[in-house]
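Trainee: Could we go through this structure together, one question at a time? I would like to see how each answer is reached.

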Amino acid sequence: MNDLFFARSQMAMSLAFHIVFAALGIGMPMLMVMAEGAHIITRKPVYLELSQRWAKGTAILFAVGAVSGTVLSFELGLLWPAFMAKAGAVIGMPFSLEGFAFFAEAIFIGVYLYGRSRLSPLLHWLVGVVVAISGILSGIFVVTANAWMNAPAGFKLVHGKFTEIDPVAAMLNQASFHEVLHMTLAAFVATGFAVASVHAFLLLRNPNSLFHRSALGLALAVAGISIPLQIASGDLSARVTGRLQPAKLAAMEALYRTQTRAPVLIGGIPDDAALTVRCALTIPSGLSLLLADDPSARVAGLEEFPRNDWPDVRMVHWSFDLMVLSGFAMLAVAAWSGWFLCRRRPLADHPSLLRALVATGPLGFVAIEAGWVVTEVGRQPWIIYNVMRTKDAVTPMPGIAAPFFAFTVLYLFLAFVVFSLLRRQFLETDGAVVRPHPA
Amino acid sequence: MLELAVTVSLLLSLILYALTGGADFGGGIWDFLAVGPRAERQRRAIAAAIAPIWEANHVWLILIVVVLFTGFPVGFATMMTALNIPVTLMLIGIVLRGSAFIFGSYKSQSADVQRHWSMAFGIASVFTPFLQGVILGALATGKIHVANDQVTTGFFSGWLTLFAIACGVFALGLFAFLAATYLTLDAKDQPDLQNDFRLRAIWSALALWPISGVVFLAARQGAAALFGGLASWWAPLLLGATCVTAVSALMALWWRQFAMARVAAAGQVTLIFVGWSLAQYPNLITPDVTVSSTHAPEATLRLLVMALAVGALILFPSLGFLFRLFKGNRRG
């Protein structure tokens, strides 16, 4: 356990913490705007109440997201100074654009949260739209920078120096589109299912609440539309990754041997020494089909790459499977809800469906965390794929264990407080909401 | 030229961060120091004043960091290495300050719990700007050395000097003064509170004189290049102008011309930063890292300047809207 280990752990922990708030910072404004828009159109007070209560929860999530995002932007230099010294000029651009997009989001979320009484309803709603759009944009810009680490472009490497730098080409690298699409959809999937889960839980306790019925409808609309798109975008991501980073893809699929008719292996215990996977569920030719639409296509295994260029196969493979399984579980519950919807039956009248929605609530975030493990651990040992190794980028600062433990304790504490505050907000105000059909 | 444009943008962002985000920290300092029969009302007035704007104000810091690492990647990497410890501590302060503030605003908690959040908010609002002053001061000490883009002077150089620590105390005093001056306007409907903040503004303005004296004297030994810069032709002019704004702010506070006091205080802070940056220029980290030696290639700088220009076109009207909405002159 050296400083590199703790630097990587600190970065991973900071990102894992921040991404939850970042995703909610993209998804929640969308829900608020939908609820408020529904109020402007239908004039039903329940939607106004809904947008206000969602906004109240968003205030705390946004604040914690902003400060934890600040930590990350500094950590790029605190933990990986050699990376920033070289890459700053190439990928600083999307971060600077993100700075402006985030600025707009912070300005207008202040207006949105505290300016309701000072603006006309339509202007207030428009302010919400700006918050939602700038939230999406800032996510897009940051993910572009990460995509560059996977598919570096826009520079030439001459004697270890970056020359002929083209920041636009760097932003438009080959991994940008699929990563941006996958992460943006992930934010909507995760927020939609998490919010649906909260209101499904409260509907189980209070089945006639119009408030929670309306909330569940909007949250499920976001979740239900984004999850099938997300599955499709995941397919695109796998294909592009197979092309750009074959070693990462091989680790995701735990494919040691190069082969035609490559199978999909689900679960199992990858064994780096024996180059086999024990006890995996196997779908013959599945991987060849998925990647090339051809069951006899040849897929490169890890054996093609030098050992010291392999990522941690078990961690990448298991995280990948966790992400995919979470995705399909959510798709199944969304399909179940859709089936009820098509038969024009109110979802809230089916306790078993509500219970399933409660259970799938955290899966969007599980998938996001697992997906980032796949992206980041799967890129190892590189910090810039095939250009710079992570160990060459780490800070010379000794004793990185200390900030790692400090931030871990701090973030665990914050997570606990945020959770209990939101829980209290939902439970305590639950009795006071609009309820036209008293039980 | 391009690197100069980026440097000026950085300075402008830094000044705006001090004038807005710095004042929010100052609000936290007065929350921490709230005493007397009106302590609770003071705290409420502070919270109401900063609640809608502090998140936006905080983004200036994020903008400074991203523009710094885009425009001056090696300079940024060097700062984050040599000043790893104070920067990390400052980040903990930023996380605590922001979280404690928003947690404290949730009314459903017991008074006891809210008092703890207020306490955490206050403490973090004191040590975060102190460390920011220390970090900026450390850059001028000349104690941080760099060879082949590597820091050669370890992780404790610069920021543990008398000069850097004096800069930290100065930042505290400056932000406390700014906040108290702004709060006189925020509390205009409550004359007793307004007078509380007026007195705090006057006392902190007076305290700034000896503190700046100490910074000046410490610079002689502790930041020789900076001190030398203060002997340039523009220095007496700038010093004179700073003194005029400082005295104007004091007089305006004394005679209860609070709108004028706000303008004078903001002018004073702006001039202090302008003077500091002129004396510091062309060094980013004295003496080895300069603006011209560490800037990013042309292509990056050109795009960055364009992005800054376009961004400013969106940013300033938006900020104007925010501040007019919450800080404008409105009745009732």
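Mentor: Gladly, and please keep in mind throughout that this is a predicted model.

Trainee: What share of the 439 residues of chain A count as buried?

Mentor: A residue counts as buried if 20 or more other C-beta atoms lie within 10 Å of its own. When this test is applied to the 439 residues of chain A, the share that passes is 55%.

Trainee: Which radius of gyration does chain A have, and what would a compact globule have?

Mentor: The C-alpha atoms of chain A, taken along the principal axes, fill a box of roughly 70 × 45 × 40 Å. For 439 residues, a compact globule would have a radius near 22 Å, and the value for chain A agrees with this, being 23 Å.

Trainee: How many helices and strands does chain A have?

Mentor: Among contacts in chain A with a separation of 6 or more, 75% join residues 24 or more positions apart. As for the elements of secondary structure themselves, the count for chain A is 14 helices and 10 strands.

Trainee: Turning to chain B, how is α1(B) oriented to α6(B)?

Mentor: Helix α1 (residues 2–32) of chain B packs against helix α6 (residues 111–140) of chain B with the axes 8 Å apart and at an angle of about 130°. Because of that angle, the orientation of α1(B) to α6(B) is oblique.

Trainee: Which hand does the crossing of α1(B) and α6(B) have?

Mentor: Residues that meet there include Phe25(B) and Ile29(B) in α1(B), and Phe121(B) and Val126(B) in α6(B). By class, this contact has 7 nonpolar, 6 polar and 1 charged residues. Where α1(B) passes α6(B), the crossing is left-handed.

Note on methods. Residues are numbered from 1 along each chain as its sequence is written. Chains are lettered from A and ligands numbered from 1 in the order in which they are written. This is a predicted model: local features need pLDDT of at least 70, side-chain atom pairs count only at pLDDT 80 or more; totals for chains, interfaces and linings use all residues. Helices (H or I, at least four residues) and strands (E, at least two) are DSSP runs, numbered from the N terminus. The radius of gyration is taken over C-alpha atoms; the globule rule is 2.2 Å times the number of residues to the power 0.38. A residue is buried if 20 or more other C-beta atoms lie within 10 Å of its own, exposed if 12 or fewer, and partly exposed in between; C-beta atoms are placed from the backbone. Two residues are in contact if their C-beta atoms, placed from the backbone, lie within 7 Å. Axes are lines fitted to C-alpha atoms, for helices over the stretch in contact, and angles run from 0 to 180 degrees between N-to-C directions. Angles under 35 degrees count as roughly parallel, over 145 as roughly antiparallel, 65 to 115 as roughly perpendicular and the rest as oblique. A crossing is left-handed if the near helix is turned anticlockwise from the far one by less than a right angle, and right-handed if clockwise. Ala, Val, Leu, Ile, Met, Phe, Trp, Tyr, Cys and Pro count as nonpolar, Asp, Glu, Lys and Arg as charged, and the others, Gly among them, as polar.
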